[in-house]
Amino acid sequence: MTNIYIMAMAMTFFFRQFDYSRVVLVYSAVFSFVLLAIWQYICHQWEWKYFPKQTAVLFAAGEEAARIQNKLLKTYGLEQALQSVCDSCQQANWKQLIDANYYVFIGAELPIADKEKILRYARSTKKQIFFVPTLYELACKNTGFLLVDDIPMQRVTRMLLTAEQRVLKRILDIAVAVTALIILSPVILITAVMIKLDSKGPVLYSQERVGLYGKTFFVHKFRSMKQDAEAKCGPVLASEGDPRITKFGRFMRATRLDELPQLFNVLKGEMSIVGPRPERPFFVKQFIAQKPEYDYRHNVKPGITGLAQIAGKYNTSAYDKLIYDLLYIQDVSVKTDLMIMLQTFKVLLTKSSTEGVQGK
């Protein structure tokens with residue numbers, strides 16, 4: 001439906017003799033999306049109330065099993081679905097567990113041989129399967145086809161943007177950044193004044209981050225922490241109730257106002273509106289040491305917002321955020337960027353999206 005409205009809006013610029021104002025298209029798009037959301041909610045509630053509840057089995061072990069269980073309990077519609085947990089195909093009753101449940105969840109750390117057995121049997125019994133992807137599974141997404149004599153092969157994506165994607169993304173970035181700076185200039189001015197009134201120190205602060213192809217740059221943000229907050233403790237990820245954050249800083253972080261100066265980073269070409277969030281070199285080295293595939297995030301420019309920010313939370317694990325970032329890189333387009341920008345406004349209204357990292 002999104003594509004239809006974009007095409008309709010574009011055609012009105014070529015065909016000037018249009019009987020209706022273009023504003024009508026905007027209104028109709030908004031009402032259509034709202035009504036569609038209401039309709040989906042009603043259908044879901046009807047299904048949840050009157051249809052039999054589907055149960056689930058989880059194939060995972062150790063800390064990963066506990067983590068997935070905890071997340072399922074927080075997922076709407078799946079709060080009470082999980083009935084069984086199986087650590088491997090070595091467990092004698094693993095097939096019976098699949099037979100007894102409709103949903104089959106598979107963890108990332110399960111051996112590939114076990115995954116293949118579970119997938120093969122679950123598909124033969126027509127079960128709904130979900131799995132936490134590893135880099136191997138992500139690489140198999142959006143693959144091309146190549147015939148080597150009579151051997152069928154799949155071409156794995158290099159997770160790099162084409163020249164067309166880079167040009168279109170840059171045009172969108174400049175258009176959005178310039179428009180946002182013009183519209184939000186009063187907000188930027190008021191925010192700067194409030195920071196000066198709230199605590200001592202500069203309004204802005206710049207910090208080294210890792211960007212495109214691993215090159216470092218200085219990201220600009222409104223200062224939300226006390227001056228010299230890390231002078232004694234060194235680099236530390238933000239946590240819930242972090243004492244280093246000022247009173248007005250908490251408000252800025254909750255509303256993401258502290259990110260507004262990054263629009264200048266976008267104009268300079270160091271960042272994009274949408275992309276993986278840039279991280280500090282100190283933490284990047286740690287993440288790459290733990291998960292070498294983390295370096296693939298740097299195949300695109302870092303962004304002010306991204307798929308990890310709208311689908312995850314502030315305290316979502318680094319690995320889960322990495323999965324979201326790699327999924328985004330494989331599906332970069334103007335449409336995807338516009339949808340993420342729109343959904344970012346929804347995230348700003350969700351308190352859990354701005355919670356700090358647990359236990360840090």
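Trainee: So what is D320 here, buried or exposed?
Mentor: This is a predicted model, where local features need pLDDT of at least 70, side-chain atom pairs count only at pLDDT 80 or more, and totals for chains, interfaces and linings use all residues. Residues are numbered from 1 along each chain as its sequence is written, and side-chain values use heavy atoms, with hydrogens and water left out. Buried means under 20% relative accessible area, exposed over 50%, partly exposed in between (1.4 Å probe, protein chains only). D320 has 16% relative accessibility, so it counts as buried.

Trainee: Which residue meets D320 in a salt bridge?
Mentor: A salt bridge puts a side-chain nitrogen of Lys or Arg within 4 Å of a carboxyl oxygen of Asp or Glu. Here the N to O distance is 2.6 Å, and the partner of D320 is R67.

Trainee: How many residues apart in sequence are R67 and D320?
Mentor: R67 sits in helix 3 (residues 62-73), while D320 belongs to helix 12 (residues 318-329). Helices are DSSP runs (H or I, at least four residues), and strands are E runs of at least two, numbered from the N terminus. So the pair ties together parts whose separation in sequence is 253 residues.

Trainee: Which residue forms a salt bridge with D337?
Mentor: The closest N and O atoms of that pair are 2.7 Å apart. D337 is in helix 13 (residues 334-348), and its partner is in helix 7 (residues 163-198), 168 residues away. Both are buried, and the partner is K169.

Trainee: How many salt bridges does the count come to?
Mentor: One of them joins R277 and E259 at 3.0 Å, N to O. Those two also belong to a network with K221 and D258. The count comes to eight.
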